[in-house]
Amino acid sequence: MSGGDCLRPGPSDSPAATRPKTYSGAVGLGNKYVRLNVGGSLYYSSLQVLTRQDTMLKAMFSGRMEVFTDKEGWILIDRCGKHFGTILSFLRDAAVTLPNTRQGVRELMAEAKHYLIQGLVDLCQGALQEDRLRALCVVPVITSLKEEQQVIQACSRPVVKLLYNRSNNKYSYTSNSDDNLLKNIELFDKLCLSYSGRMLFIKDVIGDEICCWSFYGQGRKLAEVCCTSIVYATEKKQTKVEFPEARIYDETLNALLYETLPVPDNSLLEATRRRAQCGSHSEEEEAGEIRERVRRIHVKRYSTYDDRPLGL
């Protein structure tokens with residue numbers, strides 16, 4: 001069995017069964033491997049690995065500190081054993097694959113500080129700092145139809161595109177149109193910040209429409225929500241920009257279904273099914289209900305910021 005392998009979870013012996021000794025008294029000096037019980041998780045590791053760096057573990061196994069053993073001779077370490085295998089891997093190779101969440105890295109760093117393994121502490125701090133400085137989301141701006149097709153086809157996630165081109169209008173706007181255009185842009189930015197890890201958001205500022213949402217999944221167009229129309233509120237034609245918030249959230253839910261194919265996401269299916277049963281509600285009530293369902297699905301996936309994968 002290689003050094004650092006975790007054998008199995010095991011119950012800790014009662015304090016009465018432990019005996020303080022120096023390492024030389026607990027385990028024979030000639031033994032190549034020592035047996036460790038770290039918070040109930042059992043490990044074998046070599047003396048060479050445990051004393052390779054100037055850490056608390058080296059002090060424990062070079063006779064400078066007392067160690068406690070149970071009646072079977074397992075050396076007891078009163079710490080959580082969750083990340084101890086990673087600790088041993090770093091002592092062995094001076095490099096390690098870090099946990100993929102911020103919380104996991106924080107937990108590992110706390111263990112590294114306890115064992116006085118400065119190199120691993122620095123590695124964890126660097127990963128957390130790099131993730132903090134990394135842009136939360138990057139939104140490509142489309143400059144041609146060919147570029148748009150390439151971006152959508154190359155993306156494995158669902159895609160949401162907002163096309164807005166106010167300068168393309170040849171008529172005057174209705175009274176609320178400017179406000180509604182800003183509301184569409186603000187909602188797009190809000191969705192970007194919330195779901196950039198699960199969907200790709202792109203902007204198009206050269207298209208023919210004044211304001212239009214498009215939703216894609218697996219490289220094909222799923223839906224489109226055009227927010228502009230021509231009205232005759234006066235003797236002249238006017239352009240009306242709307243803010244169909246409920247519909248936009250609804251199509252976002254539908255696009256998220258393509259994130260988990262070929263196995264559908266049951267929570268999303270339920271949300272879209274309930275959407276179809278809300279026909280008697282007002283547009284504002286509908287938007288509120290759909291916003292809440294989208295929020296709950298997002299929270300279910302990543303319950304806290306620290307649970308997010310690094311880089312997301």
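Reader: Why is Lys-161 called buried?

Author: Its relative accessibility is 7%. Buried means under 20% relative accessible area, exposed over 50%, and partly exposed in between (1.4 Å probe, protein chains only). So 7% makes Lys-161 buried. This is a predicted model: local features need pLDDT of at least 70 and side-chain atom pairs pLDDT 80 or more, while totals for chains, interfaces and linings use all residues. Numbering starts from 1 along each chain as its sequence is written, and side-chain values use heavy atoms, with hydrogens and water left out.

Reader: What makes Lys-161 and Glu-148 a salt bridge?

Author: The N to O distance is 3.2 Å. The pair links distant parts of the chain: Lys-161 sits in strand S8 (residues 159-164), Glu-148 in helix H7 (residues 145-154), and 13 residues separate them. A salt bridge needs a side-chain nitrogen of Lys or Arg within 4 Å of a carboxyl oxygen of Asp or Glu. The 3.2 Å value falls within 4 Å, so the term applies. Helices (H or I, at least four residues) and strands (E, at least two) are DSSP runs, numbered from the N terminus.

Reader: Is Glu-148 buried or exposed, and how do you know?

Author: Glu-148 has a relative accessible area of 8%, so it is buried.

Reader: What makes Arg-166 and Asp-178 a salt bridge?

Author: Their side chains meet at 2.6 Å, N to O. Arg-166 is in the loop between S8 and strand S9 (172-173), Asp-178 is in helix H8 (residues 177-195), and the two are twelve residues apart.

Reader: Why is Arg-166 called partly exposed?

Author: Arg-166 has 43% relative accessibility, so it counts as partly exposed. Asp-178, at 35%, is also partly exposed.

Reader: How do you know that Lys-203 and Asp-189 form a salt bridge?

Author: The N to O distance is 3.9 Å. Lys-203 is buried at 18%, whereas Asp-189 is partly exposed at 33%. Shared partners also join Glu-148, Lys-161 and Asp-204 into one network of salt bridges.

Reader: How many salt bridges does the rule give?

Author: The count comes to nine.

Reader: Why is Ser-177 called buried?

Author: Ser-177 has 1% relative accessibility, so it counts as buried. Ser-177 lies in helix H8.

Reader: What makes the pair Ser-177 and Thr-174 a polar contact?

Author: The two side chains come to 2.5 Å. A polar contact is a pair of N or O atoms within 3.5 Å; within protein, one must be able to donate a hydrogen and the other to accept it, and residues adjacent in sequence count only if both atoms are side-chain atoms. The Ser-177 side chain also reaches the backbone oxygen of Thr-239 at 3.3 Å. Beyond neighbours within four places in sequence, Ser-177 is in contact (heavy atoms within 4.5 Å) with Thr-239, Lys-240 and Val-241.

Reader: What makes S9 and strand S14 (residues 238-241) a pair?

Author: Two bridges join them, and they run parallel. Pairing takes at least two DSSP bridges, so the strands qualify. Tyr-173 has Thr-239 in S14 as its bridge partner.

Reader: Which strands form the open sheet, and in what order?

Author: The order is S9-S14-S13, with mixed pairing. S9 and strand S13 (228-231) are the edge strands, as each pairs on one side only.
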